[in-house]
Every structure is written in structure tokens, then in C-alpha cells.
Amino acid sequence: GDTGWGCSHRSGQMLLARALCVLRLGQTWTTTRDNQEKLFEIVECFADVPTAPFSIHALTVAATRLVDKVFY
């Protein structure tokens, strides 16, 4: 499970995923066969692998770089 900042990271992922869904599928989208490919593409971006652009790994690296620039 997540510890420390994990809940914040996951909440951020959820908000970003929602924004991407609205941008790609519209404000009132529903899960349909036509939307499955677009939804799958969005979900893939959040996979728990370092290569996924919005994975927990990628967000942690980005946050660490940001903190290093601001405070050091």
C-alpha cells in the first residue's frame, strides 16, 4: 500500500485522469464500446510502471525535481 505521500499522489492521479477523460470524451461521457479505446489509452498513462507518463513513479520523480529546484 501507499505510505507517506501516496494518498496525495493517487488523488492527483485521479484528478488528472478525470480531466483527461473530460477533454478527450466530453463533460457528459459515459462508458460505451465507442469510448473503450480512448479510455484504455488514458488508463495506460497511469499504469504502475516507470515508463507510464503519469505513473506513481513518474509523479514522484517530477515532485522530487520540483522540490530540489525550489528548496536547494
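This is a predicted model: local features need pLDDT of at least 70, side-chain atom pairs count only at pLDDT 80 or more; totals for chains, interfaces and linings use all residues.
A residue counts as partly exposed when its relative accessible area falls between the buried range, under 20%, and the exposed range, over 50%.

The overall layout is simple to describe. The protein chain has 3 helices and 0 strands, and reading along the sequence gives the pattern α-α-α. Of its 72 residues, 18% count as buried. The chain exposes about 5600 Å², with carbon and sulfur atoms supplying 62% of that area. As for contacts between residues with a separation of 6 or more, 33% of them involve residues 24 or more positions apart.

Now to the charged side chains. Side chains of opposite charge can pair when their charged atoms come close. The structure holds 2 salt bridges. One of them joins R10 to D48, with the closest N and O atoms 3.1 Å apart. R10 sits in helix α1 (residues 6-25), while D48 belongs to the loop between α2 (36-44) and α3 (56-71), so this pair ties together parts that are 38 residues apart in sequence. How much of each partner is left accessible? R10 has a relative accessibility of 30%, so it counts as partly exposed, and D48, at 44%, is partly exposed too.

The other bridge runs between E41 and R24, and here the closest N and O atoms are 3.1 Å apart. This pair links distant parts of the chain, with E41 in helix α2 and R24 in helix α1, 17 residues apart. E41 comes out as partly exposed because its relative accessible area is 32%, a value that lies between the 20% and 50% cut-offs. R24 lands in the partly exposed class as well, at 39% relative accessibility.

That leaves the aromatic rings. The count comes to 1 aromatic pair, made up of F46 and F54, whose ring centres lie 5.4 Å apart. The angle between the planes is 35 degrees, and the pair is classed as tilted; a stacked pair would need planes under 30 degrees apart, and an edge-to-face pair over 60. F54, by contrast, counts as partly exposed at 25% relative accessibility.

Notes. Residues are numbered from 1 along each chain as its sequence is written. Side-chain values use heavy atoms; hydrogens and water are left out. A salt bridge is a side-chain nitrogen of Lys or Arg within 4 Å of a carboxyl oxygen of Asp or Glu. Helices (H or I, at least four residues) and strands (E, at least two) are DSSP runs, numbered from the N terminus. Buried means under 20% relative accessible area, exposed over 50%, partly exposed in between (1.4 Å probe, protein chains only). Contact means heavy atoms within 4.5 Å. Accessible areas come from the Shrake-Rupley method with a 1.4 Å probe; for residues, only the protein chains shown count as cover. Rings of Phe, Tyr and Trp (its six-membered ring) pair if their centres lie within 6.5 Å; planes under 30 degrees apart count as stacked, over 60 as edge-to-face and the rest as tilted.
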